[in-house]
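Here's a quick tour of one model, written for someone who likes cut-offs spelled out. Have the viewer open as you read.

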Amino acid sequence: MATSIFKQEHELFRRTVQSFLDSEVAPHYERWEGDGQVGRDVWHKAGEQGLLLTDIPAAYGGAGADFIYSAVIIEEMAKRVFAAPGFRLHSDIVAPYIFNYGSEEQKRTWLPKMAKGQVITAIAMTEPGTGSDLQSIRTTARRNGNELVLNGQKTFITNGGLADLVIVAAKTSASAGAKGMSLVLVETDRAGFKRGKNLKKIGQHAQDTAELFLEDVRVPAGNILGGEGSGFAHLMDQLPRERLLVAIDAVAIMEAALGWTVEYTRERRAFGKPLAELQNTRFKLAEVKTEVTVARVFLDHCLKLFVQGELDATTAAMSKWWLTELDNKLLDTCLQLFGGYGYMLEYPIARAYADARVRRIYAGTTEIMKELVARSLFS
Ligand SMILES: Cc1cc2nc3c(=O)[nH]c(=O)nc-3n(C[C@H](O)[C@H](O)[C@H](O)COP(=O)(O)OP(=O)(O)OC[C@H]3O[C@@H](n4cnc5c(N)ncnc54)[C@H](O)[C@@H]3O)c2cc1C
């Protein structure tokens with residue numbers, strides 16, 4: 001559904017994205033689901049076509065476009081139920097950290113290679129012992145002369161299996177609380193950096209999600225991103241954007257699921273007539289249509305705010321929890337109307353359902369989002 005925020009140039013770009021996904025992702029997706037990760041060549045091809053780092057300035061290799069271009073890519077991937085390749089994390093989460101907080105040298109070293117798909121990136125905050133409570137991370141980055149020595153363990157890291165560069169959240173001071181956390185750029189070919197197994201998940205099978213181990217990994221002190229002790233503040237600044245990305249995903253998939261279900265219930269017959277003629281089907285899909293429409297209006301409102309630089313953390317949290325809870329509910333409703341076929345992975349609704357569950361968990365759980373909204377009420 002195109003709305004005013006998607007202008008003609010975005011719709012033209014949408015066609016480029018669609019043709020890329022149909023030719024470079026769709027034919028391989030089933031194999032990637034089996035492999036648990038995508039191939040590197042799709043990253044190179046995406047880079048060649050200008051589909052990575054779209055809103056990073058051209059001076060650093062990006063496309064210099066507005067954020068709505070990123071939204072178009074996320075929407076088109078969502079509609080095809082492509083949880084991978086992890087372009088979103090790379091282009092729309094990691095790149096903004098480097099662009100916003102990196103030194104000129106860091107930006108020039110990494111962003112052009114990231115834009116070409118030559119360097120794949122990840123961000124590692126979560127640890128086995130803590131996810132929601134980020135201040136409690138235990139990974140350390142201790143100074144030793146001109147170097148930092150990192151030790152710790154990270155888990156559930158998207159792109160962790162393929163990444164060449166990881167932004168690691170680590171404690172540079174154990175006693176300074178939130179001000180003791182820093183973000184450190186860690187090249188994955190450094191001695192002491194090890195990847196654990198590619199984690200088996202209930203959905204998003206083509207997207208690699210890995211454990212990472214840091215055992216006396218030495219990096220130059222210049223690898224700190226945005227100043228020592230500023231890591232927690234930078235995470236708090238960037239997480240609203242990450243939450244909005246998940247909300248975009250949620251709305252696009254709801255819209256797609258409604259389309260598939262209308263089509264299916266028109267064709268499928270029971271008791272001598274199409275399912276679409278049963279009042280239950282009609283009323284359920286009328287509810288879905290109404291809720292998706294309200295969702296789209298709210299999302300576009302958030303997108304507009306974001307583009308104007310006015311999306312606050314509370315509104316981002318509202319969009320994240322409400323739209324992902326809604327998408328999980330509506331996907332369940334739609335799947336039910338497919339009967340047994342809804343449980344078969346050859347139908348996109350099945351993969352959409354399995355892939356959806358994590359949206360209520362990653363980028364901040366529903367409960368943490370509600371806590372953030374509540375804080376704004378009672379602060
Ligand atoms: C597929 C996948 C990909 C991921 N990708 C990344 C990644 O790329 N990088 C990264 O750093 N992390 C990543 N994560 C981690 C993700 O962000 C965390 O799983 C999430 O933040 C929750 O943390 P946790 O798993 O430690 O759960 P916990 O924090 O242990 O929470 C467990 C339960 O307690 C609830 N809870 C916790 N605190 C509160 C509270 N104060 N009030 C009420 N309820 C609360 C939670 O809502 C949840 O229901 C990914 C996770 C998954 C599953």
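At what angle do α6 and helix α7 (residues 279–307) pack, and how far apart are their axes? The angle is about 155 degrees, and the axes are 10 Å apart.

## Ground rules

This is a predicted model, where local features need pLDDT of at least 70 and side-chain atom pairs count only at pLDDT 80 or more, while totals for chains, interfaces and linings use all residues. Residues are numbered from 1 along each chain as its sequence is written, and side-chain values use heavy atoms, with hydrogens and water left out.

## α6 against α7

That angle makes α6 roughly antiparallel to α7 (over 145 degrees counts as roughly antiparallel, under 35 as roughly parallel, 65 to 115 as roughly perpendicular and the rest as oblique). Angles run from 0 to 180 degrees between N-to-C directions, and axes are lines fitted to C-alpha atoms, for helices over the stretch in contact. Helices here are DSSP runs (H or I, at least four residues), strands are E runs of at least two, and both are numbered from the N terminus.

α6 passes α7 in a left-handed crossing, a label for a near helix turned anticlockwise from the far one by less than a right angle (clockwise is right-handed). Among the residues making the contact are Leu244, Ile248, Val251 and Leu258 of α6 and Leu285, Val288, Val292 and Leu299 of α7, with contact meaning heavy atoms within 4.5 Å. By class, this contact has 15 nonpolar, three polar and four charged residues. Nonpolar covers Ala, Val, Leu, Ile, Met, Phe, Trp, Tyr, Cys and Pro, charged covers Asp, Glu, Lys and Arg, and polar is the others, Gly among them.

## α3 and its two partners

Helix α3 (residues 67–79) also packs on helix α6 (residues 231–267): their axes come within 8 Å and cross at roughly 45 degrees. α3 and α6 are therefore oblique to each other, and α3 passes α6 in a right-handed crossing. The contact includes Phe67, Ala71 and Ile74 of α3 and Leu245, Ala252 and Trp260 of α6. Sorted by class, the contact of α3 with α6 comes to 11 nonpolar, no polar and four charged residues.

With α4, the α3 axis comes within 11 Å and crosses at roughly 160 degrees, so α3 and α4 are roughly antiparallel to each other. Their crossing is left-handed. Phe67, Ser70, Ile74 and Met77 in α3 meet Phe87, Arg88 and Asp92 in α4, a set with four nonpolar, one polar and two charged residues.

Most residues other than glycine have a negative phi, and most peptide bonds are trans. The bond from Ala84 to Pro85 is cis, with omega near -5 degrees, and Pro85 lies in the loop between α3 and α4 (87–101). Asn159 has a positive phi, near 70 degrees, and sits in the loop between β3 (147–158) and β4 (165–171).

## Around the ligand

There are 19 residues around the ligand, and Thr126, Ser132, Phe156, Thr365 and Glu367 come nearest (a residue is near if one of its heavy atoms lies within 4 Å).

For polar contacts (pairs of N or O atoms within 3.5 Å), an oxygen atom of the ligand lies 2.8 Å from a backbone N or O atom of Met125. A ligand nitrogen atom is 2.7 Å from a side-chain N or O atom of Thr126, and a ligand nitrogen atom is 2.8 Å from a side-chain N or O atom of Thr158.

Note on methods: A polar contact is a pair of N or O atoms within 3.5 Å; within protein, one must be able to donate a hydrogen and the other to accept it, and residues adjacent in sequence count only if both atoms are side-chain atoms.
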